[in-house]
Amino acid sequence: MTSKILLVTGDAAESLEVFYPYQRLREEGYQVDIAAPSKKRLQFVVHDFVDGYDTYTEKPGYTWPADLAFADVDPAEYVALVIPGGRAPEYLRNDPEVQRIARHFFEADKPVAQICHGPLITAAAGVLDGRRSSAYPALAPDIRASGAEFVDGEAVVDGVVVSARAWPDHPAWLRAFIEILRDKAPLS
């Protein structure tokens, strides 16, 4: 049986932050299931940085089907969790099912990779208190309000949790996460 990793996301997730870990972890040999509020085709977005803008811009990105709804997820079936960013975490964090899922991985000390706005979900689930986490830098106050220490870094490792600021951090973020997976959740 292939080791399974869960990726939680929704509409308006950042395309690169969904597809880079999805494809990279499949390349390693893991099965990656995408869970969303409902089992449907999701619309992702592209965030880019434009000279003269104070923040990123957003354009329509790829579409991709969710494999299952949050309510149908048994997190015990998965060895690790990936939480991409984009705007999706802003509304997903209010979903009690995604909070249930996130809490499982933290309580069971399973590997978690979160990036950009992804830590909004773990903050809302109440599992960041006392931890160190990176995130999109504009979220520093949110990370601190959750009881965590904000670290402006490309691959912040806190136990089995790896966080990063945004898609430019992908190489360091996934390298650190895969090292943890090979140790804590090797392929079966």
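**Figure 1. Residue R182, which at 52% relative accessibility counts as exposed (over 50% relative accessible area, with under 20% being buried and values in between partly exposed, for a 1.4 Å probe and protein chains only).** This is a predicted model, in which local features need pLDDT of at least 70 and side-chain atom pairs count only at pLDDT 80 or more, while totals for chains, interfaces and linings use all residues. Residues are numbered from 1 along each chain as its sequence is written, and side-chain values use heavy atoms, with hydrogens and water left out. The side chain of R182 meets that of E28 in a salt bridge, with N to O at 2.9 Å, where the term denotes a side-chain nitrogen of Lys or Arg within 4 Å of a carboxyl oxygen of Asp or Glu. Since R182 belongs to helix α6 and E28 to helix α1, the pair ties together parts that are 154 residues apart in sequence; helices (H or I, at least four residues) and strands (E, at least two) are DSSP runs numbered from the N terminus.

**Figure 2. The salt bridge between E28 and R24, with 2.8 Å from N to O.** Both E28 and R24 lie in helix α1, where they are four residues apart, about one turn of the helix. E28, with a relative accessibility of 19%, counts as buried, whereas R182, its partner in the salt bridge of 2.9 Å, counts as exposed at 52%.

**Figure 3. The salt bridge of D158 with R131, whose closest N and O atoms are 3.5 Å apart.** D158 is part of strand β10 (residues 156–158) and R131 of the loop between α4 and β8 (132–133), so that parts 27 residues apart in sequence are tied together by this pair. D158 counts as buried at 18% relative accessibility, and R131, also at 18%, counts as buried. Elsewhere, salt bridges that share partners join R24, E27, E28 and R182 into one network, and the structure holds 12 salt bridges.

**Figure 4. The packing of helix α1 (residues 15–28) against helix α6 (residues 170–184), at an angle of about 40° and with axes 11 Å apart.** The two helices are therefore oblique to each other, a class left over once angles under 35 degrees (roughly parallel), over 145 (roughly antiparallel) and 65 to 115 (roughly perpendicular) are set aside. The contact, meaning heavy atoms within 4.5 Å, is made by L16, E17, Y20, P21, R24, L25 and E28 on the α1 side and by H170, P171, W173, L174, F177, I178, L181 and R182 on the α6 side. Sorted by class, the residues in the contact of α1 with α6 comprise 10 nonpolar (Ala, Val, Leu, Ile, Met, Phe, Trp, Tyr, Cys and Pro), four charged (Asp, Glu, Lys and Arg) and one polar (the others, Gly among them).

**Figure 5. Positive phi values at D109 and C116.** Most residues other than glycine have a negative phi.

Technical notes. Axes are lines fitted to C-alpha atoms, for helices over the stretch in contact, and angles run from 0 to 180 degrees between N-to-C directions.
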